[in-house]
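User: I'm new to this one. Can you walk me through it?

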Amino acid sequence: MLNRQGRPTTPGTSVTAAHLTFTGNKALAQIEPLIFETGRLDVTGVDYAAPKPFKSRLGGLERKSEIGLPGLSEPEAMRHYVRLSQKNYGIDTGLFPLGSCTMKHNPRLNEKIARMAGFGDVHPLQPVSTVQGALEVMHTLSHWLMELTGMDAVALSPKAGAHGELCGMMAIKAAIAAKGESATRNVVLVPDSAHGTNPATAALIHFAVKAVPVRDDGTVDPKVVAELAGPDTAAIMLTNPNTCGLFERDVVAIADAIHAAGGYFYADGANFNAIVGKTRPGDLGVDAMHINLHKTFSTPHGGGGPGAGPVVLSERLAPFAPVPFVRHTDEGFELVEDTDQAAQHGAHAFGRMTAFHGQMGMYVRALAYMLSHGADGLRQASEDAVLNANYIREGLADLMSLPFGNRPCMHEVLFDDAWLKDTGITTLDFAKAMIDEGYHPMTVYFPLVVHGAMLIEPTESESRASLDLFIATLRDLAFSVQRGETERFTGAPYHAPVKRMDETRAARSPVLKYTPPEPILDAAE
Ligand SMILES: *Cc1c(COP(=O)(O)O)cnc(C)c1O
């Protein structure tokens, strides 16, 4: 008999090594094997009477082998899933400094409202007369999104930021086609610092992608844009604040250069969190921008729920917005569901992005967040996001290196690995050591324009005490680097249930299917 770590359970063996326990558990932290390993494939947790003899109507399609589901008692099944849930690290368990992702606090109020029966149980095929409240939520949310961005229209249905990018770029493509310029206008400019989804989106709908080099201060030079833009330019895709955590100060000049060349300005709005209530993208010359409700308006994401990526459109692009959209008429709210119907309202919808209407639950959460904060509260959330990131920048700038000098950042602060030079410790090692300290690491190696990037985005709702502890922890780690305590980093994490992983192999050849041990395979055949 062997225990879970392969130690023999015969008398004479004892648990002596400091890190080993007989069970593999660490105090009250339970290790949790796969459910297939916990349960037994040859027993069942429920008692069904054997079926009476019956004649199969499956025409020879019936299963020939065992289904292979593990049998567990009810408490075992419950413990399995509760223990798995305890292995989650999220914004509800601790500070989550992932940059470019905006892990916002998800107020329970949002959850409560989203679970109200009228919202939670609504069905997309219900007659419109029975979902007037839900449509009003969509209409009101649209109003707020247009108000906050200074834009003319909004397409709510895209289901994530990347999906929103696709929607906005398809609207741009449709506008170009309407002008009869499809054959010639097919290049999209994308800065080096852009999120990978930007060039991928442009390429997906057959635009050629031309890279815009970022200047030394981490921002885009409008002169370079003007040089690169021409009669073949369909659009520029620009993130502002950009992925280096910096506001593109020349954004208006960039918009002018693109417009002068006859192209459109697509803004990646994933970082809208930093500027809500401060700046309206519409005033900066933006033609289309997606908003990640799951980043900016507090709806959960990252395994916690679906995203939602509504796209706001300028007056020029508004007619091309996809269906469906909500209209408010004297008789109430109506859904314009197809392109012919849209044409009756003077729109040239390019089609639809998705079945039905998008992520209703996210709309409700986002609107609950907006209404509970009010205009001043939303502005303060942005100000606090920027303040918190700069507080961290100040707290670490003497130890860690800032690639673009010590200028203030927006809602996230970017360090590079110059300060780790010749220490034998990499950005990855440093991030792994943070796990031992109980922190989810920040975003690493992105953006690519910076060597060994560490992109830290605290959340605006973190208290000063929580930020102080985070800073103190990173300082302690940095001092450890200076003292040459390489081991603390190169083998980290030491305290996590799973140690250093081969991440390349995990990504390239993931094992997604449980393979039963041989004897069980045999028995099932
Ligand atoms: C998150 C992000 C995206 C993509 O958004 P998803 O909702 O993850 O699809 C695009 N651009 C930037 C800058 C982002 O941070």
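User: Let's start at one residue. Is Asp422 buried or exposed?

Analyst: Asp422 is exposed, with a relative accessible area of 73%. Exposed means over 50%, buried under 20%, and partly exposed in between, with a 1.4 Å probe and protein chains only.

User: Where is Asp422 placed?

Analyst: Asp422 is in the loop between strand E10 (413-415) and H13. Helices (H or I, at least four residues) and strands (E, at least two) are DSSP runs, numbered from the N terminus. Asp422 also has a positive phi, about 65°, although it is not a glycine.

User: What should I know about the model itself?

Analyst: This is a predicted model: local features need pLDDT of at least 70, side-chain atom pairs count only at pLDDT 80 or more, and totals for chains, interfaces and linings use all residues. Residues are numbered from 1 along each chain as its sequence is written, and side-chain values use heavy atoms, with hydrogens and water left out.

User: Back to phi. What is the value for Thr102?

Analyst: Near 45°, a positive value in a residue other than glycine. Thr102 is in the loop between helix H2 (74-86) and helix H3 (108-114).

User: Buried or exposed, that Thr102?

Analyst: Thr102 counts as buried, at 1% relative accessibility.

User: On to the ligand. Which residues come nearest?

Analyst: Ser100, Gly161, Asp268, His294 and Lys295, out of 13 residues around the ligand. A residue is near if one of its heavy atoms lies within 4 Å of the molecule.

User: Which polar atoms pair up there?

Analyst: A polar contact is a pair of N or O atoms within 3.5 Å; within protein, one must be able to donate a hydrogen and the other to accept it, and residues adjacent in sequence count only if both atoms are side-chain atoms. A polar backbone atom of Ser100 is 2.6 Å from an oxygen atom of the ligand. For Gly161, a backbone N or O atom lies 2.7 Å from a ligand oxygen. Asp268 uses its side chain: an N or O atom there is 2.5 Å from a ligand nitrogen.

User: How much of the ligand does the protein bury?

Analyst: 86% of the 380 Å² that the ligand exposes when taken alone. Accessible areas come from the Shrake-Rupley method with a 1.4 Å probe; for residues, only the protein chains shown count as cover.

User: Which elements give two or more residues to that shell?

Analyst: Helix H6 (161-178) and helix H10 (293-296). H6 gives the most, with three residues.

User: New topic: the largest nonpolar core. Which residues touch the most other members?

Analyst: Leu141, Leu145, Val225, Leu293, Phe297 and Met370, in a core of 58 residues. A nonpolar core is a set of buried Ala, Val, Leu, Ile, Met, Phe, Trp, Tyr and Cys residues joined through side-chain atoms within 4.5 Å.

User: Which element gives the largest share of this core?

Analyst: H12, with eleven residues. Elements that supply at least two residues each include helix H5 (132-149), strand E5 (264-268) and helix H12 (360-396).

User: Now Lys432. Buried or exposed?

Analyst: Lys432 is buried, with a relative accessible area of 10%. Lys432 is in helix H13 (residues 427-436).

User: What is Lys432 in contact with?

Analyst: Ala492, Pro493, Arg500 and Glu503, leaving aside neighbours within four places in sequence. Contact means heavy atoms within 4.5 Å. The side chains of Lys432 and Glu503 are joined by a polar contact of 2.4 Å.

User: Last one, the whole protein. How many helices and strands?

Analyst: 17 helices and twelve strands. Of the 525 residues, 46% count as buried. The C-alpha trace spans about 80 × 75 × 45 Å along its principal axes.
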